[in-house]
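Biologist: I would like to go through this model with you. Could we look at it together?

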Amino acid sequence: MQSSLEEVDTGAFTLMNYYTAFSRPRYITALWNSLRLGAMVTVLCLIFAVPMAWAISRTNMPGKNFIRLLMLGAFITPPYLGAIGWILLAGPNSGWINRFYMALTGAPEGIFDIYTFSGLAFVIAIYSFPFIFIFTAAALDVVSSEMEDAANILGAGTVRTTLKITLPMVLPAIMAGAIVTFLEAIALFGTPALIAIPARFNVVTTQLLQFFSQPIRAEVAAAYAVPLLLVTIALFGVQKMITRRRGFVALTGKGGERRIIDLGRGRWVMFAYSMAVMTLAVILPYIVLAQAALAKGWGRGFSWDNLTLKNFEYLLFQHETAAQSVINSFTYAAAAAFIAIGLGLAIAYIVSRKLLPWVDVLSFLAMAPFVVPGIVLAIAFYAAYAPPPLALYGTATILILAFATRFLPIGYANADAAIRSINPEMEEAVRILGGGRLMAIRKVMAPLMKRSLIGAWLLVFIPATRELSSAMFLYGPNTRTMSVMLMDMSEEGNFEHLAALGFLLLAATLVIVAGATAFLGRDFMMRREKK
Amino acid sequence: MSKLSLIGLTKAFGSTKAVDGVNLTLREGEFVSLLGPSGCGKTTTLRMIAGFIKPTSGTIEMEGQVMSSPAMMVPPERRGMSMIFQSYAIWPNMTVGQNVAFGLKLRKLPNAEVEQRVNRILEVVQMRHLKERYPSELSGGQQQRVALARAIVIEPQVLLLDEPLSNLDANLREEMRSEIRRLHDAFRITTVYVTHDQAEAMVTSDRIVVMNLGKIDQVDDPVTLYGKPKTRFVAGFIGRTNFLDGRVDGSQIVFPGFTVPKALAPDANELSGLASFSVRPQSIALHASPPAAGHLWRIQGEIVERAYLGEYWEYVIRPDGSEQRIRVSTAPNVVHAVDDRVWLEIDPARIARVPPPDAA
């Protein structure tokens, strides 16, 4: 914030940066594009997610577990990797879908062009809708069937009851999910960089990248990022209000059992719909990425003589920085996760036991990075740590610190939930029997929180391994992460190597998630965060 | 000798006083209950005794040593007390044996002695065979026994219990409240027991402290408390009762629908103006014909409601010419119909004088 008001050389107070940032029409257009994009993505996500959440939570749709599994797949897919999958699928002329269409109809050109505004919105939406799904399903899971029975007994049918009773009751949850989705969409960097830039239009985040390319105009970027920050803070305020004022969401919890609605033949319709969405989000992109990763040239299609492992070999043993970037991603993410959890835990303990005055402020600060888009955070880090005397720009330290800050709210929220889930009487029992506070933490609190803290660590670690938006602005020659590497390769149009690298990232994530799921239970990743 | 003293103990949260000027002294080995509705300040009082909450004013002393005052507080771990929590707070990461041994190990006792004392106390609470189990494998009643064993094994100066039976079902609750009293008879540990259940308090306690709105209403043994409640709140909270509100007129007391000679009332010499009394439903006799005159209160009226509860009949009687409703319970074989004319008889010895309404 501060640097947006400073003159570059003198540090004097000025509004010039704001003037520069908003002086040209195309800068304003980018801003407008972002808002339109957010709205379009949100609408698409609602269409994808709400019927699925209802079907999975309340009906006898077949294959629920399978759909849930695919949903987890969509959730853990880095959006930029999905975007690359879709470039391979729906790139004009060369994309698989278009080639297939042309072969089938003999048309001179394909039907889909991913390099358009609606293409961008679509690709973002199919990797954002799990947010709305999680919020909505969680709310539907606690709506008692008795509410619906009460409508039935008064003469309303299933459809009418669902539309008039059930959906309105979970509307606040849907709204909350929609807001999160909107904010994700406008703060996203990777997907717009891959699609909007070739399509020759800008959104806020890609415009920010241009302010950051030589000559770096960080002050202007800072000024330009301010509206994004303000929109985010305002909408999070709205979301907080919605979730707090949920008077009519009957969260009775235990009140009444929840029966499953029998859809009759309609359950296959719901299944087909869910599978269609999942095919677009997970199955098709994964297939083409796998093909590209194992192909000598992805355009040559699916054939045995096109099959090779050379791409992986090249990445791991020949490319000068690719192998290093894999190591970087995982070590930075691990370090950031330790910092975020450690710090989050310490703050959560101090807050819950009120050990210091002003604990509410502390709690607010720990949650604050949550409302800061990654890209804005990166600019702030650049402004704060890049200049001497710290001169941390491009170092591992600045990346780890940025990741840790970005994911501190996850660490804090989870540590807080872990502490709250333990009755303070557990600790008081130690003290009244003669043990001090440290003894209570060591012998009782720590062992009891072990499992949830491992879960929390993973919840930070997984997004940190693929974090792009803050890394993009802070990396140096030796500190590239996989995400940065992927973006570079896409600029070179090197899709085979890119897909292979993406596959390494995905495979590693899948192994970790699968292990954690076995150890911690299925829902550890997709359960709704308690805030 | 007094073991534990609360002197003018007060705790304010913001502008509301949760505990307001409580004075109480416990003798060595005494079992005292804090009884009252939720929000009456009983748990706050207990947590102040434990050292988890600092008083706003007043002090807590144990054997003459100041434990808590607004200026200083001995932390819970240095009070030599122990406590049983509402949630039991059995540590799920330790076995039954480890839970019970915890306090002894903190006192750096030799292992052999720890082992021996743990075994002995588990024997007492009938949990010896479950020593190696983890708490998640135990029923609610068993967890309760572990909590008791863990608290008692260290032979604390004072034992504190915070509604320990509120999470158990009714049968188990009756069993455990007798168990708690049995353990107290065996170990004679000075005990403060917080509950909102009058039956629990009456079964377990030497003395009961009835609290209301942060203040003590009455401190007495169970028999006195039930028979001679001093306030309308105590009379209404401990068991069911009828309030009879009248006015002294010369040598008579005039109630709605009946009069009684003043000389037959308790504390007859102190009565003047408004006079109120509390009478338990089972302290009233019910007759179908006029009883012979004597030293008992006599009231004439008719039955307006009745209900059969198996163990007893419950009637509601309206004295002639009034809107007063008097509840009477009788043995199951005393049968009257609604609209029957009846005579009530009350022994003055079983009547308690209470303050008139709104004079509390």
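Biologist: Which residue stands opposite B:L4 in strand 4 of chain B?

Modeller: B:M62 stands opposite B:L4 there. This is a predicted model, in which local features need pLDDT of at least 70 and side-chain atom pairs count only at pLDDT 80 or more, while totals for chains, interfaces and linings use all residues. Residues are numbered from 1 along each chain as its sequence is written, and chains are lettered from A and ligands numbered from 1 in the order in which they are written.

Biologist: How many bridges join strand 1 and strand 4 of chain B?

Modeller: Strand 1 of chain B and strand 4 of chain B pair in the antiparallel sense over 5 bridges. Two strands pair if DSSP finds at least two bridges between them; strands are DSSP runs (E, at least two residues) and helices are runs of H or I with at least four, both numbered from the N terminus.

Biologist: What order do the strands of that sheet take?

Modeller: In chain B, 4 strands form an open antiparallel sheet in the order 2-1-4-5. Strand 2 (16-27) and strand 5 (65-68) of chain B are at the edges with a single partner strand each, so one side of each has no neighbour in the sheet.

Biologist: Changing topic, how many residues does each chain bring to the contact?

Modeller: Chain A brings 14 residues and chain B brings 18 residues, with contact meaning C-beta atoms, placed from the backbone, within 7 Å.

Biologist: Which helix of chain A gives the most to the side that touches chain B?

Modeller: Helix 18 of chain A does, with 6 residues. Helix 18 (424-432) and helix 19 (437-465) of chain A each supply at least two residues of that side.

Biologist: Lastly, what does A:I379 touch?

Modeller: Leaving aside residues up to four places away in sequence, A:I379 touches A:A218, A:A221, A:A222, A:A225 and A:F473.

Key
Contact = placed C-beta atoms within 7 Å.
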